[in-house]
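Keep the viewer open and follow along, section by section.

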Amino acid sequence: MSPATVDRETLASLKVKAELKLLPTVLRTVRDVASSYGLDESSVRDLELATEEACHNVIEHAYEPGEHGYYKVKIHREPTCFRITIRDQGMPFNLQRLNEEKTSDIGVKLMRACTDEIKSKYLGKKGKMVELIKNFPFESVNEFESPPVNSISSKENLAPLSEKIDLRLMRPDETVSLAKLIYRVYGYTYPHEEIYYPEKFASLMKSGLVTSCVAVDEQDEIVGHLGVFLETPEDHVGESALAAVDPRYRGRGLFPKMKKMMMEEVAAKGILGLYSRAVTVHVASQKSNVKMGAKETGFVLAHSPPTAIYKKMKTEEAKIRRTVALFYVLVAPDQEQTVFLPYKHQHMLRKIYKHTGLKRILKIADPDKVNLAPHSDIYSHFLPEMASAFLRVNQYGTDFMDELKLQTKDLKEKKVELIVLDLPLKDPNTAILCPLIEKMGFFFCGLMPEYLDGDALRLQYLNNVAFDPENVDVYSEFAKDIFNYIVQEWKTHSS
């Protein structure tokens, strides 16, 4: 499995000689394909303009006069966006200017104005790549009828216990009803913005990246929800998230019933386990996870923005990012595998492995046996609404440290407050390079079983973020042991 793989359909692929007279052919292909596969007229025009500028840069600057150069254009459709990939093996130039916050380059300004995201990457001997991303114009739930706000302040507002509640899988045509439930529970504070775009969430469901269980009342209204999210179709684990129960129906044990149903459902699909993130402003959700057999594997300090809290929840420190506890639960028989532990964290990782009961052969890597590929592969997922970025290492190359420093610098310049970095423990290079990574300011925050075609070591980086351990409530004694270890690591790397 490659974590960089997404549910992406390649619609067209062109290899074009770097000549201006052929550019209209490329643009016509982009226009026709995007129009045929669901992008509206305005978005098609924007994508065409951005593609024209990116290709023009290659034609004008990548090759010397008289040099017979080529470039490749691929058009991809994903569940929520179109992606144009432009690659060439011409003269290197500074891709960093595409990411500069302030630029005088008119072409860069045009590409930014016409796209939702621009990505660029050096490919070593394979040249360089630019990606232009244009999201589908999904309607926000704000544009639908405003959902009712239920003020649950007394027992009179609770639904009668005699009312029958059924559990079933959710249908893609119910996403507006789900958005209303999320509003009743979280308002507009839930960190994953997709939920407020019903068509976008329906698209994710149809792609297989989201499977949901719902609790419905006698009128078939959704009063509870729990989803399982996959980052890629090939993932071995899913994230249990979007847990919500209508305030009128709390106290009926709906969450554990939905969790049990989803564990059985995803196990039938070949998923090995589920991980989840439990809030730490109280211990209720941590306690529920423990009761369901989930095991604590770490904490991400300052994970969520201060707005990402329950609508009715009152907190004293409203400006502080919220920490989450990491949990993992098996839903299928475990499979033995070998992992290489970083020397510094081997004792804590051994404790976590023992606590989870996972079958692992634990080894310490030989620092003299570094085996790096020619080029690194680091997948980056940026969430601007959370001021967070999540990096996953698919392959270590000789340029790994330089590439990681470049990406970290770029994210810090974008005012990203949290960077999470997942490293494959089946690769001994993780154990060998971990000390160098931590010298950059990253620090240990836990274990993610089966996350990168095998277990992942999770590190994090806080960019000028205030954190106070006293604001974190931890449920179990084992979790307190992990939390204290992580806090000590944070203190070491923040001093």
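## Confidence first

pLDDT is the predictor's confidence in each residue, on a scale from 0 to 100. The protein chain averages a pLDDT of 85, with 89% of its residues at 70 or more. This is a predicted model, so local features need pLDDT of at least 70 and side-chain atom pairs count only at pLDDT 80 or more, while totals for chains, interfaces and linings use all residues. Numbering runs from 1 along each chain as its sequence is written, and side-chain values use heavy atoms, with hydrogens and water left out.

A contact here is heavy atoms within 4.5 Å.

## The chain as a whole

The chain holds eleven helices and 19 strands; these are DSSP runs numbered from the N terminus, with helices being H or I of at least four residues and strands E of at least two. Take contacts between residues at least 6 apart in sequence: 71% of them join residues at least 24 apart.

Of the 495 residues, 54% count as buried. Buried is under 20% relative accessible area, exposed is over 50%, and partly exposed is in between (1.4 Å probe, protein chains only).

## Cavities

Rolling a probe the size of a water molecule over the atoms shows where empty space is left. A search of the whole structure turns up two cavities of 30 Å³ or more. A cavity is a set of points, on a 1 Å grid over the protein atoms alone, where a 1.4 Å probe fits but cannot get out; lining residues have an atom within 4 Å of a point. Points are joined across faces, edges and corners, and the volume is the space filled by probe spheres set on them.

The second largest cavity has a volume of about 60 Å³. Its lining includes T280, V281, R321, F467 and D468.

## Two buried polar side chains

N289 sits in helix α7 (residues 284-291) and counts as buried because its relative accessibility is 5%. Its side chain makes a 3.5 Å polar contact with that of K259. A polar contact is a pair of N or O atoms within 3.5 Å; within protein, one must be able to donate a hydrogen and the other to accept it, and residues adjacent in sequence count only if both atoms are side-chain atoms. A polar atom of the N289 side chain also lies 2.9 Å from the backbone oxygen of S285. Leaving out residues up to four places away in sequence, N289 touches K259, S276, A278, A294 and F327.

T356 belongs to helix α8 (residues 346-356). Its relative accessible area is 12%, so T356 is buried. A polar atom of its side chain lies 3.0 Å from the backbone oxygen of Y353. With residues up to four places away in sequence set aside, T356 touches K295 and T297.

Which value does phi take in L242? It is near 55°, positive in a residue other than glycine. L242 is in strand β9 (residues 237-245) and is buried because its relative accessibility is 3%.

D453 is not a glycine either, yet has a positive phi of about 50°. D453 is in the loop between β18 (443-448) and β19, and at 27% relative accessibility D453 counts as partly exposed.

Technical notes: 1 Å grid on protein atoms, 1.4 Å probe; cavity = no way out; pocket = protein on both sides within 12 Å on 5 of 7 lines; lining within 4 Å.
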